[in-house]
Amino acid sequence: MSGRVMYLTRSWPRLSQTFIVNEILALERRGVDLEVYAMAPSGEDVRQPQVDRVSSPVEYTESSASPLDHALLAKREPQRYATAAGFARAHPELAAGYANASTLECFEHAVQLAARRARLAADGIRIGHLHAHFAHDPALVALLFHQLTGVTYSVTAHARDLYQIPPHNLRVRVAGSTSVLTCCRANVDYLAEHLEPAEAAKVRVIHHGIDLEQFTPGREPRRDGVVRVVSVGRLVEKKGFPDLMKAFAALGPDRRYRLTVYGDGPMREALEAERHALGLDEAVDFAGEHDSTVIVEAMQQADVFAMTPFVTADGDRDGVPNVVVEALAAGLPVVSTDVGGVSEAVMHGHNGLLSKPRDVPGITATLERLLRDPELRHAMGVRARATVEAGFDVDRAAEQLVGVFGHAGRLS
């Protein structure tokens, strides 16, 4: 493609956003010239090991651009600068809903990226495109960057960033973009409902890809008689961990079954209290946050993966949870709920079992069916791996992204 691609995300590196790191690595393998920018450090202590394999430069923008950056843009393209600054001042409402930065703060981030682009141009390096991960702050920064520079931008919309911003603000972000990418058909349907037809035509699904060499099925079957269930996710409301524990408790006193939950979050103390109240202290373990090396090993030693998300009252939800696809790649049958884009990866009766969200008896029944039937687990596990190989390969997803970036770059 023509020119370097700026890659913008909200924070870096996020443990729960492995799909972004994997995507960047796959693009690098295809020779895409990238610069990665984040609006803030993640502040997390645990990071994925593959973060260290990213060879592209990674920089952080600040909440305020320097006077030199402002002066550079005002002198270089005064009309664009004045128009973008006026737009940001006139539209504080564009940061309504789920957001970490105001419109004017997003303008400051955009100024830094635009100044970087101007300095690169002076050195003979052309920025051909900007891609923003998430439809809230990063997409607004991308829009303002486009106003400052004329450089095209695309957006990947995910979950909360999509559903928790006002539809008008979403339309403004989409209107300026060349493409909107998302991970599941459920998100496409939501976008089609809220966008004009011409804007909805920009939307396409590109599934988050999985590193098929990292997530592989386990090698040695265990013979200790314990049936192990594993779950992975932030301990937040939309993941539905209380429903999963209630279903586990409803299985009865058979303590051959063990559930291990990997992840941390604001609900941990409440979940541990719930575990005790349900009498599951010996059956359920909260193992905390770990990188993908530990998660791969846990999945390879497990028999079933379970996650029971739902749509919260404020609209927060998952798309296709990355960990669900990782579990399928590891050859695990999945017990989950039919919410968001889960059913695009987990096909009921084929590679896993689905129930309705918040339906604890239904979740219990699907868990029990798999826990009691090792032959069914094996057959579904084989089909789980095949599902990911066919539709969730990170290199195939990167090839699609190269096409998106290349087309957009030719428009700049």
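Predicted model: local features only at pLDDT ≥ 70, side-chain atom pairs only at ≥ 80, totals over all residues.
Helix α10, spanning residues 241-249, packs with helix α11, spanning residues 268-277, at an angle of about 15 degrees, and the two axes are 10 Å apart. Angles under 35 degrees count as roughly parallel, and α10 and α11 are therefore described as roughly parallel to each other. The crossing in which α10 passes α11 is right-handed. On the side of α10 the contact is made by Phe241, Pro242, Met245 and Lys246, while α11 contributes Leu271, Glu274 and Arg275. Sorted by class, the residues of this contact comprise four nonpolar and three charged, with no polar residue among them.

The second pair consists of α3 and α4, which pack at an angle of about 155 degrees with their axes 8 Å apart. Because angles over 145 degrees count as roughly antiparallel, α3 is classed as roughly antiparallel to α4. The crossing of α3 and α4 is right-handed, and the residues that make the contact are Tyr81, Ala84, Ala85, Ala88 and Arg89 of α3, together with Thr103, Leu104 and Phe107 of α4. In the contact of α3 with α4, six residues are nonpolar, one is polar and one is charged.

Both of these helices also take part in covering helix α2, which spans residues 67-76 and whose buried residues are Asp69, His70 and Leu73. When α2 is viewed down its axis, these buried residues fall within an arc of 95 degrees, so they line one face of the helix. Pro67, Leu68 and Lys75, by contrast, are exposed on the other side of α2. The elements that cover the buried residues of α2 include α3 (78-90), α4 (103-122) and α5 (137-149).

Helix α8, formed by residues 185-194, was examined in the same way, and its buried residues are Asn187, Val188, Tyr190, Leu191 and His194. Seen down the axis of α8, the buried residues fall within an arc of 160 degrees, so they too line one face of the helix.

Attention then turns to two individual residues. Arginine 4 is placed in strand β1, and with a relative accessibility of 15% arginine 4 counts as buried, because the cut-off for a buried residue is under 20% relative accessible area. Although arginine 4 and isoleucine 125 are 121 residues apart along the chain, their C-alpha atoms are separated by 7.6 Å. When neighbours within four places in sequence are left aside, the contacts of arginine 4 are Asp33, Leu34, Glu35, Arg116, Leu120, Ile125, Arg126, Ile127, Gly128 and His129.

Glutamine 17 is found in the loop between β1 (4-12) and α1 (18-29). The relative accessible area of glutamine 17 is 12%, and glutamine 17 is accordingly buried. With neighbours within four places in sequence again left aside, glutamine 17 is in contact with Thr9, Ser11 and Phe134.

Notes
Residues numbered from 1 in each chain as written. Heavy atoms only, no water. Axes fitted to C-alpha atoms, helices over the stretch in contact; angles between N-to-C directions. Helix = DSSP H or I, 4+ residues; strand = E, 2+ residues; numbered from the N terminus. Parallel < 35°, antiparallel > 145°, perpendicular 65-115°, else oblique. Left-handed = near helix turned anticlockwise from the far one by under 90°. Contact = heavy atoms within 4.5 Å. Nonpolar A, V, L, I, M, F, W, Y, C, P; charged D, E, K, R; others polar. Buried < 20%, exposed > 50% of the residue type's maximum accessible area, 1.4 Å probe, protein only. Arc of directions from axis to C-beta.
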